[in-house]
Amino acid sequence: MTTAPEPSRRGDAVRVLVAFAGVHGSTRSIAEHIAGRLEERGRVRTDVLPVEAVSDPGAYDVFVVGSAVHGMAWLPEARTFVLRNAGLLARRDVWLFSVGMPAALRGPWKALAPQESDHVVGDLIERLSPRDHRLFSGVIAPEHLPTTGRMRFRAMGLRYGDYRDWPSVDAWAEEIGRAVRDRPPQPDGPPTGGPGPRSGP
Ligand SMILES: Cc1cc2nc3c(=O)[nH]c(=O)nc-3n(C[C@H](O)[C@H](O)[C@H](O)COP(=O)(O)O)c2cc1C
């Protein structure tokens, strides 16, 4: 008697949405990097989407949501995505990340970084109880800032540059990957591996 073929590993994969909001590309690049690392070790299938392009959040088991930081806050579209889906996200494993410029801070300004990390997602952490939140540094260039922003930047003694710290991003993605692969089946999750609807390209 022939037996039915084993379901493919792909069919058993945990579905992870890496959703992001950014303006100049750093947040997207970090989102894509995280997704790449998550997929490398198998058992995980990722979609990387701008928050506005997510049409079926219910199709995902796990969420990694990130936003660029402007004025010590997440971009409005990222907050809207999270708040609109707060009920769902509260029942899923969620990781949050922010992309600002803590690595550009110098001297006494360096002490601001931990405060900023708490400030940008404080209320979201209360609502969602995410597994973790990280504040990464991105790219900051003069043409990104309005005149007043450039003046403030200079006054604080900051330097423009590409501050993305890929080893830190890798290490964080590894932590997420371990937690995702080790997670027990979720009673309230979508039918992982099933033919359910998917967002994304
Ligand atoms: C208008 C503006 C305001 C910003 N405000 C902050 C801020 O308050 N805190 C911070 O850490 N970074 C701030 N940044 C730096 C950006 O968050 C950083 O450059 C990040 O890499 C942007 O991500 P993106 O390339 O995905 O847009 C600001 C950048 C701009 C353009």
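pLDDT is the predictor's confidence in each residue, on a scale from 0 to 100. The structure described here is a predicted model, and its chain has an average pLDDT of 86. A score of at least 70 is reached by 86% of the residues. Two stretches stay under 50. One of them is residues 1-10, for which the model has five contacts beyond four places in sequence. The other is residues 193-201, where pLDDT is also under 50 and the model has 19 such contacts. Where pLDDT is low, the predicted coordinates should not be read in detail.

Helix α1 spans residues 26-40 and helix α6 spans residues 166-182. The axes of these two helices come within 9 Å of each other and cross at roughly 45°. An angle from 65 to 115 degrees would count as roughly perpendicular and one under 35 degrees as roughly parallel; α1 and α6 are therefore oblique to each other. The crossing of α1 with α6 is right-handed. On the α1 side, the contact involves I30, H33, I34, R37 and L38. These residues meet W166, V169, D170, A173, E174, I176, G177 and V180 of α6. By type, the residues of this contact comprise eight nonpolar, two polar and three charged.

The largest share, three residues, comes from β3. The ligand has 22 residues around it, of which G22, S26, T27, G100 and G138 come nearest. The shell consists of 10 nonpolar residues, 11 polar residues and one charged residue.

Note on methods:
Residues are numbered from 1 along each chain as its sequence is written. This is a predicted model: local features need pLDDT of at least 70, side-chain atom pairs count only at pLDDT 80 or more; totals for chains, interfaces and linings use all residues. Axes are lines fitted to C-alpha atoms, for helices over the stretch in contact, and angles run from 0 to 180 degrees between N-to-C directions. Helices (H or I, at least four residues) and strands (E, at least two) are DSSP runs, numbered from the N terminus. Angles under 35 degrees count as roughly parallel, over 145 as roughly antiparallel, 65 to 115 as roughly perpendicular and the rest as oblique. A crossing is left-handed if the near helix is turned anticlockwise from the far one by less than a right angle, and right-handed if clockwise. Two residues are in contact if their C-beta atoms, placed from the backbone, lie within 7 Å. Ala, Val, Leu, Ile, Met, Phe, Trp, Tyr, Cys and Pro count as nonpolar, Asp, Glu, Lys and Arg as charged, and the others, Gly among them, as polar. A residue is near a molecule or strand if its C-beta atom, placed from the backbone, lies within 6 Å of it.
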